[in-house]
Amino acid sequence: MEIMIDLLLNIGSGILLILGGFFCVSGGVGLLRFPDFYTRMHAAGVTDTLGAGLILVGLMLQSTHLIVLLKLILVLLFALLTGPAASHALAKAAMHGNLKPLLYRDKSTR
Amino acid sequence: MLTHLPILQVIVPLMAAPICLMLRPVRLVWLFALIASAMVFLISVALLQQVVQSGTIIYEIGGWSAPWGIEYRIDLLNAYLLLIISAISTVILLSTHTSIQSELAAERHTFFYVAYLLCLAGLLGIAATGDLFNVFVFLEISALSSYALIALGNNRRALWASYQYLIMGTIGATFILIGIGLMYVMTGTLNMYDLSQRLPEVSDSRTVFTAFAFFIVGVCLKLALFPLHMWLPNAYAYAPSAVTALLAATATKVAVYILIRFIFSVFGVEFSFSHFPLQDIFLVLSLAGILIASTTAIFQQNVKRILAYSSVAQVGYMILGFSIGNPAGLMATLLHLFNHALMKGALFLAVGAVMYRVGGVQLSDFAGLGKRMPWTMAAIVIGGLSLIGVPLTVGFVSKWYLVAAVLERGWWPVAVFILVGSLLAVIYIWRIVEAAYFQLPAPGNAEVREAPLSLLIPTWMLVVANIYFGLDTRLTVGISESIAKMLFGVEP
Amino acid sequence: MLFTALAIARVKDLFAAVMLMGIYSLLTASLFVVMHAVDVAFTEAVVGAGISTLLMLKALALTGPHQNNSSYRSMLALVVVLISGALLIYGTWDIPPFASASAPIHQHVAPHYIQNSMQETGVRNVVTAILASYRGFDTFGELVVVFTASVGVMGLLAVTHPHDKYHDGDAAAMQQHLILRIVVKMLIPLILIFALYVQFHGDYGPGGGFQAGVIFASAIILYSMVFGSHAAQQVVNRTVIQILAALGVLIYGSVGIVSLLMGRNFLDYSALLPDPVDGQHLGILLVELGVGITVAAAMIIIFFSFSDRVVSEEVSPE
Amino acid sequence: MILGTYNYWVVIALMMIGLFVVIAHGNLLKKVIGLSILQTSVFILYISMSYISGGTAPILEHGVELYSNPLPHVLILTAIVVGIATTALALALVIRIKETYGTIEEQEIQARDLHEC
Amino acid sequence: MLIGVAAAILIVMMLALIRAFIGPTLYDRILAVNMFGTKTVLLIAVLGFLTARPDFLDIALAYALINFISIIGVLRFFEYNRPNFTDGNHD
């Protein structure tokens, strides 16, 4: 039974880790390839929340000590709190600084 | 309590500094700092006595024995240096209460004393410790506090000077750190004594060579050895006078000490002079330093700058002394450490008195002061004579031994260079004297009075010391002779 | 990492350089983790990427981001750099091989710490044991360096005009950042708890007084950035911090003096309690506390001194 | 990551870059940045020395025998602190210089000083 | 598994680094720096598991915190200094 649980946990964490890794990479590619700041921000946001979240949950499944689990939860909490807040502030600052989002019809001008 | 003297030496000013920050009013802070410094002085006298009587004192901090913990290893050289630093600092502190009134904004006075004590503690720490990395840490304490002290001056150029000093000083410190790291990599120890035991095994490796080179360059940056002296004239010229006096009289001495300690104790005479072209390099640099700095001093208009360049030249004499490579030369260096501290301390304090009364230290500000401030000017004259090396002053003693050491080696040309350096000193001192005694007072100077006693007494204490130690050379010569013998391996 | 450094050297915009400096510092810290220097990585992260970036930004805000002539003493610089570089290359030619356990550095002093620190000090983290006990005096010196810096900064940037004259532009601008304010409000207690955890967990894991102090200070700094430095200074009074900064140094020093009075050497914590190992443990704890207090206070002082300048600059027409 | 015998080469390169920035650049703030690159390079030098392959972080665990050398870690902790202290002081100086001179370019400052003489 | 994730994170860090170098606007740089920071947090966490020393999580936590604070610091910096300089694209 315990072996089963272990196996399940391992598989689960593996899947989560891989997914998280994938989101991270895709976000990174997006950060590089997307045409303007706001879309890039979206890509970064994805890695920050989804990628980080998945990886951290994946790690949680592997953790053996309670304290480690606790810390991981704390890190996750932190990531979830600060990531969007930072993105929000950044977007606001960008708008404030008169950086116009690149809308669909503007594409020709770039 | 007597066994704890080595550590108390450093701890007293170190602990006094934060307490000072909490004290009000400024007068109390000053008194407190003065008491701390005086205590340090007494401790250092006691230490010197102990060392003379019973040999090297070892103090293990934290109770951990040597290569694992940090130890203080006080031998005659350390004790001698501690005495110089604490004595000069106490005398200068006597005068600061008056002198900083005119040179610092009132709300900065407390910070001044705190930084002063920290600087003192840092210098003492370097002089006392037997651990490499501890040297670095205390070097930084003294360096950071002296940057702050310099920048506290009212003149905006003080800021720029301090910034330059900071950049150069930090590069120097980083080089020292690299040197320490490479030594550590080769030997696995940070304790100086342990290091000196283990270095000979690996002394052929290039890493040790590099470590040595970096360390020396780093220290020379701090020392303001020509041509790495660029930061010094500005820093000395625009810092508050008390700070200039402290730095000129003690900080460069400590750097010279580190150099001596490393070249003679840690690496050993043999390595320093045979594996490394140190002798030639130092000889050339110090001679060039003496001549060029003295010549530059002649063309300065600001008296503090004149004296600052003269300091660069004097550092040249000290380096020259031990690069001769015989005990007599090292002895001359050690004598000059002490003597130069006395004369530069006296000179800068006297200049500080002029600053206090006149408000400027350009040569034109000195015009006619011989009559207005007779005691201050007399102090400058005697200090100047000492700087030149006229008999009956301390300057003569150290020059005498230096020339003797050079002649012992049979290096006639070097002796000639030393004499030329003294002649140049005559010229730049003469310019000050001429302004003070043979020019009519500037219109603004007509009303200038003699400096207050609180400035004159410390100045004259040093001036009298200048003459006393010029006449009675038993103490200084005796000590430096035994140090020189010790370092040259007559005894380990 | 090299690229980052190169980019920093080349970028003309100082702001970009500061940002890259942050990245560079993070990279360094990761490198330290890879090389097993966790405590150092911790410190480098909080100091290099955190405090020093913030301070540089503050300085930048005061001095303007543009740089005129990029380099004018290139030749001299190049010569100096090449000489010292060549010397180092020469020096590392026969340096003991990297990462091998048999190099002299790993033979002489270091094994003693690893083998004996547990029995002698009762602390699992060897770095903490050395830091606070074996080489406690270095750490004392380091603390004094921080204290010196804060005194120097205070001395240099002491604001002469009274505080309440200026209107707090920070707070006004941040009024609109509702989300940020709420998030920060939630975060600050968390950060403070974390700081305490780091402070007292240094015996067992990476961390200790220094890191805790910086984290604590960063909580206050965060508060002041979001709610305005005026509000922050009402929470933490200036004179109080000044006294705290001095107090930390005094705590450290008096631990040493107490052990001195108990008849042992300075900073010999074994004297503090009947059982030497307990004494060591207690001593390390107290000393780390002193470090934490001074570092936190000093960082806050430095930051406030900087940000007060920003505000006073805005008010006084330049 | 960057682990191998060429670790020291990275240190040397970083040191050279840092030193170059400090000496060659006229902007005072940039000099401070250069200074911290220089210092960081030394940190890496020390930490590289302490590394032992196959070892682990010097926090004692049961059953682990090989640890990296903790002493350089301690030294560098101290050095980092010294570094930040220096940086803070340098920045304070830069701010004051900007306030009194109105510029932070080395050449301009020197020009202004000369002008004053 | 963990190695793969670590590699992925490293790649992302590289990408972010490139973005930070090329800009073009300052906001892009900040964004990249922010992302770089969060990825470092993840990397440290993963590395902790990789070397079986999960104590490293403390560091990850500290990184997350520092990262957030510096981003806020940067943003505060901007709101004031926007009028003073117009474009960050000087490379």
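This is a predicted model: local features need pLDDT of at least 70, side-chain atom pairs count only at pLDDT 80 or more; totals for chains, interfaces and linings use all residues.
Visitor: Why are H1(B) and H2(B) called roughly antiparallel?

Guide: Their packing angle is about 175 degrees, with the axes 9 Å apart. Angles over 145 degrees count as roughly antiparallel, and the two helices are therefore given that description.

Visitor: How do you know that the span of H14(B) agrees with its number of residues?

Guide: Helix H14 of chain B covers residues 327-358, and at 1.5 Å a residue its 32 residues should span 46 Å. The C-alpha atoms at its ends are 46 Å apart, so the two values agree.

Visitor: What makes H14(B) largely enclosed by the rest of the structure?

Guide: A residue is buried if 20 or more other C-beta atoms lie within 10 Å of its own. In H14(B), 32 of the 32 residues are buried, and the helix is therefore largely enclosed. Just after H14(B), B:Gly359 has a positive phi of about 95 degrees.

Visitor: Which helix gives the most to the side of chain C that touches chain B?

Guide: The contact takes 49 residues from chain C and 50 residues from chain B. On the chain C side, H7(C) gives the most, with 15 residues. That side has 27 nonpolar, 16 polar and 6 charged residues.

Notes: Residues are numbered from 1 along each chain as its sequence is written. Chains are lettered from A and ligands numbered from 1 in the order in which they are written. Two residues are in contact if their C-beta atoms, placed from the backbone, lie within 7 Å. Helices (H or I, at least four residues) and strands (E, at least two) are DSSP runs, numbered from the N terminus. Ala, Val, Leu, Ile, Met, Phe, Trp, Tyr, Cys and Pro count as nonpolar, Asp, Glu, Lys and Arg as charged, and the others, Gly among them, as polar. Axes are lines fitted to C-alpha atoms, for helices over the stretch in contact, and angles run from 0 to 180 degrees between N-to-C directions. Angles under 35 degrees count as roughly parallel, over 145 as roughly antiparallel, 65 to 115 as roughly perpendicular and the rest as oblique. The expected span of a helix is 1.5 Å times one less than its number of residues. A residue is buried if 20 or more other C-beta atoms lie within 10 Å of its own, exposed if 12 or fewer, and partly exposed in between; C-beta atoms are placed from the backbone.
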